[in-house]
Amino acid sequence: MSDLARLVVVLGPTASGKSALGITLAEHLGGEVLVCDSTQVYRRLTIGTAKVPPPEQRGIAHHLTDLVEPNELFTAGEYRRRALETLADLGRRNKLPILTAGTGLYLRALLEGLADAPTRSEGLRKRLRQKAERRGPGYLHRLLARLDREAADRIASRDTQKIIRSIEIRLLAGRSVGAIHRSGRTGLEGYEVRKIGLLPPRAALYRRIDKRVERMIEAGFIEEVRELVSGGVPADAKAFQFIGYSELRAHLDGSLERVEAIRQIQQATRRFAKRQITWFRKEPGVDWLAGFGDESEVAAAALRIAQESRL
RNA sequence: GGACGGGUGGGUGAGUGGCUAAAACCAGCAGACUGUAAAUCUGCCGCUCCUUGCGGGCUACGGAGGUUCGAAUCCUCCCCCGUCCA
């Protein structure tokens, strides 16, 4: 007899049917859906991020989408804060939280917490970038090597993004990345977490991805991107880094054929799915199901897993 | 029937006598990743063996022969594809 609240997590690669399964589980178990997806937190990115349209939500509340504008930056830390608030809210209303997770980092940030590292500093990053441009390739990595040998050894010299983050932590916190990480982090407490992983056969998943991209185009994905552009979202906005949005923006300004854009989107999505699978494989304590979340046998199995109690 | 051009590893395609299991790119596979994460980055990618080594063996550039110490690369014949002429 525990007083732990329950949290059901549905995780898996894109197009594996997480959303559908989440809704099914919510219907049967009196739950609400918490989306854990780094792109769905953006408003006005709807078709391309595969948000569930309201009619298909079947009355199940969906949280943690549409939190910021397309030109804003969102972070794992911010996601964790918002998710904790939402969890507390569901707890008060006695609803079962069902987290549908496609963004591994955000899921980990919520479940395991983040180290006590400083949040990103745009000013510092800008200065580092400018300096790097003047000093040429390799400069940032050499700088990091001087500041934090351990971090530099771990990060590839061309991985500018991670190098900058490490320099930032070292400079702002005054401590090495390793030291900060070793000092621990606080994970989610008070929940019994059940993780259900969707892992459909690779070939079938890829086929579904290709088809889904076509359906997105038919559903008006290109128009959605056109509205973002005409709505004043700048070319360097976060939103235009996402799969589909970058290709279609190129298509709209005439530098990419429509068919070629679609091909590239499908390609990028397949690769993305691959990376998600790599990440989730390491996730501890997952009950894996070898199918799509909208298949009835999979849903039945998931329902059993979600309900059974683990000692 | 004739004249050219071409047939290279899953795909595109470079390579015109040794440094070539064969560039590059794509696809694929595997991995890393604690505040940009749908991002960013890394490795593998003919088969095989082991004492896993800048290691050994085998197979490979349409087919069969030949020249050569040595051929994807040169020669001969054949097959196939494309364009053009009849």
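In this predicted model, strands β5 and β6 pair in the parallel sense over four bridges, where two strands are taken to pair if DSSP finds at least two bridges between them, and where strands (E, at least two residues) and helices (H or I, at least four) are DSSP runs numbered from the N terminus. Across this pairing, I196 stands opposite D287 in β6. On β5 (residues 191-198), seven bridges are also made with strand β1 (residues 5-11), again in the parallel sense, and the bridge partner of L7 in β5 is V193.

These pairings belong to an open sheet of six strands, ordered β3-β2-β4-β1-β5-β6, with parallel pairing; its edge strands, β3 (62-63) and β6 (286-289), each pair on one side only. Elsewhere in the sheet, strands β2 (residues 31-36) and β4 (residues 96-101) run parallel and are joined by six bridges, with C36 standing opposite A101 in β4.

RNA strand B is surrounded by 47 residues, the closest being S38, G77, L105, A115 and A156; a residue counts as near if its C-beta atom, placed from the backbone, lies within 6 Å of the strand. Two or more residues of this surface are given by each of α2 (76-93), α3 (104-112), α7 (160-173) and α12 (258-281), and the largest share, ten residues, comes from α12. By class, the surface divides into 15 nonpolar, 18 polar and 14 charged residues, with Ala, Val, Leu, Ile, Met, Phe, Trp, Tyr, Cys and Pro counted as nonpolar, Asp, Glu, Lys and Arg as charged, and the others, Gly among them, as polar.

Residues are numbered from 1 along each chain as its sequence is written, while chains are lettered from A and ligands numbered from 1 in the order in which they are written. For this predicted model, local features need pLDDT of at least 70 and side-chain atom pairs count only at pLDDT 80 or more, whereas totals for chains, interfaces and linings use all residues.
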